[in-house]
Amino acid sequence: MRVGFFDSIEELPYLQKWGIEHFLLRSDSLSCLGEEGGEDLVLRGEILLKKSLSFTLVWDALHDEKKLQENIQFFRSLPSFLQQRVRVQDPGVLHFLSQEKSCQEVEVVLEGRAHNLEALKEWSTFSNKVVKLILSSEIPRNKLKEYVKELTVDVEVLGFGPLVLLYTPRFLL
């Protein structure tokens with residue numbers, strides 16, 4: 001399945017032309033690379049919902065405690081259709097979503113944080129809501145094949161997209 005970021009309404013025809021089947025919705029509050037505000041996020045979600053297209057809300061920002069609490073409130077203010085499937089990177093957010101009733105499914109972005117089967121199994125069983133692990137393309141192909149056979153959740157390998165060289169929620173200066 002081809003997955004792609006849907007960051008502005010004007011992009012949708014191009015994304016569909018390129019064969020994107022599942023759309024990732026980012027916002028400036030929840031995503032480290034999001035640019036749009038909450039209203040546009042809801043509008044993009046409504047468009048995908050009306051067209052019966054599948055999508056996932058991206059919550060990949062890393063938070064300190066204060067920002068996490070702010071974004072939990074933001075998340076809870078979103079329409080329920082946006083809360084059902086969420087892609088996360090922060091273990092604290094994963095823990096919150098594992099207890100949140102409105103969230104039905106969670107995708108965990110591991111990138112370079114897990115390269116062995118035992119670690120992947122632990123992440124996949126963290127919560128019964130975990131339905132997908134997103135892995136780094138650094139893992140050798142033969143290992144990926146082995147992992148896909150052994151894991152009980154879907155596996156996605158990052159291919160094309162933004163490459164974050166450094167991301168921290170802390171102010172550096």
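How many salt bridges does the structure hold? The structure holds 13 salt bridges, a salt bridge being a side-chain nitrogen of Lys or Arg within 4 Å of a carboxyl oxygen of Asp or Glu. This is a predicted model, in which local features need pLDDT of at least 70 and side-chain atom pairs count only at pLDDT 80 or more, while totals for chains, interfaces and linings use all residues. Residues are numbered from 1 along each chain as its sequence is written, and side-chain values use heavy atoms, with hydrogens and water left out.

Three of these pairs are tabulated below.

| Salt bridge | Closest N to O |
|---|---|
| Aspartate 7 and arginine 26 | 2.3 Å |
| Glutamate 156 and arginine 87 | 2.7 Å |

Aspartate 7 and arginine 26 are both buried, that is, under 20% relative accessible area (1.4 Å probe, protein chains only).

Arginine 87 lies in strand 4 (residues 85-88) and glutamate 107 in strand 5 (residues 105-111), so their pairing ties together parts 20 residues apart in sequence; strands are DSSP runs (E, at least two residues) numbered from the N terminus. Relative accessibility is 4% for arginine 87 and 0% for glutamate 107. Glutamate 156, in strand 7 (residues 154-157), is 69 residues from arginine 87, and both are buried. Through shared partners, salt bridges join Arg85, Arg87, Glu105, Glu107, Lys132 and Glu156 into one network.

Leucine 78, leaving aside neighbours within four places in sequence, is in contact (heavy atoms within 4.5 Å) with Leu30, Leu41, Val42, Leu57 and Gln83.

How values were computed. Buried means under 20% relative accessible area, exposed over 50%, partly exposed in between (1.4 Å probe, protein chains only). Helices (H or I, at least four residues) and strands (E, at least two) are DSSP runs, numbered from the N terminus.
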